[in-house]
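Subject: Structure handover

Hello,

Here is the structure I said I would pass on. My notes on it follow below.

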Amino acid sequence: MKSLACAVQGLGFAVRTQRNMRIHLCFTFYVLWAGYVTKLSPAEWAAVLLCCGLVIGLECLNTALEQFCDRVCPERDEKIRAAKDAAAGAVLAAAILSAVVGCVLFLTGGRPAAALQWFLARPAAVLIFSATLAAWLILIFYRRTYP
């Protein structure tokens, strides 16, 4: 149980301190909503969830590596920079792959038209979408300093 609490604390730290993590979570929220709206198959849900989990997990690892490197070597070091860049590159590669998977799933088979019809049939959903987008933007760009 303690290890679960530590893992949740680590995830919370990444969400609080890393803007990119909040961006990934925002995209995850809307991708899950799009999956619901477009009625993904179980296999498609599996692909979406794996992509989302991969990106979020790699962002946590990138955060951990950056924190560790900054603690061990606070001054500029080329090898540390290369390690941090490689970790960031892993997140980028996973995010690009996830975007490609999302395009394949959501931009084919009449899904854009189905999503539009879903929203046109539910005017309140447009308001909810707009409100959640505003909330996400505040969460993403809100600046706060954490230890």
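I start with arginine 111, which counts as buried because its relative accessibility is 13%, under the 20% limit used for that word. Please keep in mind that the model is predicted.

Arginine 111 forms a salt bridge with glutamate 44, and the closest N and O atoms of the two are 2.7 Å apart. Glutamate 44 belongs to helix H3 and arginine 111 to helix H5, so the pair ties together parts that are 67 residues apart in sequence. Glutamate 44 is buried as well, at a relative accessible area of 19%.

Leucine 105 is in contact with both partners of that bridge: leaving aside residues up to four places away in sequence, it touches Glu44, Val48 and Arg111. Leucine 105 sits in helix H4 and, with a relative accessibility of 11%, counts as buried.

Another of them joins aspartate 70 and lysine 84, with 2.7 Å between the closest N and O atoms. This pair links distant parts of the chain, since aspartate 70 is in helix H3 and lysine 84 is in helix H4, 14 residues apart. Aspartate 70 is partly exposed, at 40% relative accessibility.

Glu78 joins Arg81 and Asp85 in a network of salt bridges.

Helix H2 and the cores

Helix H2 covers residues 19-37, 19 residues in all, and spans 27 Å from its first C-alpha to its last, close to the 27 Å expected. Its buried residues include Met21, Arg22, His24 and Trp33. What do the buried residues of H2 pack against? The partners are helix H1 (2-17), helix H3 (42-72), helix H4 (78-106), helix H5 (111-120) and helix H6 (123-141). After H2 comes lysine 39, which has a positive phi, near 55 degrees.

The largest nonpolar core has nine residues: Cys26, Tyr30, Trp33, Val37, Ala115, Trp118, Ala125, Trp136 and Ile140. At least two residues of this core come from each of H2, H5 and H6. H2 gives the largest share, four residues. One member, alanine 115, touches Val37 and Thr38, not counting residues up to four places away in sequence.

There is also a second, separate core of five residues, among them Leu40, Val48, Cys52 and Leu105. The leucine 105 described above is therefore one of the buried residues and a member of this second core.

The surface

Leu92, Ile96, Val100 and Val104 form a nonpolar surface patch of about 370 Å². Leucine 92 is part of helix H4. Is leucine 92 buried or exposed? At 52% relative accessibility, it counts as exposed, because the word applies over 50%.

Regards

Terms used
Residues numbered from 1 in each chain as written. Predicted model: local features only at pLDDT ≥ 70, side-chain atom pairs only at ≥ 80, totals over all residues. Heavy atoms only, no water. Expected span 1.5 Å × (residues − 1). Buried < 20%, exposed > 50% of the residue type's maximum accessible area, 1.4 Å probe, protein only. Contact = heavy atoms within 4.5 Å. Core = buried A, V, L, I, M, F, W, Y, C linked by side-chain atoms within 4.5 Å. Patch = residues over 30% accessible without salt bridge, like charges linked within 9 Å, V, L, I, M, F, W, Y side chains within 5 Å. Areas by Shrake-Rupley, 256 points an atom, 1.4 Å probe, with all protein chains shown as cover. Salt bridge = Lys/Arg side-chain N within 4 Å of Asp/Glu carboxyl O.
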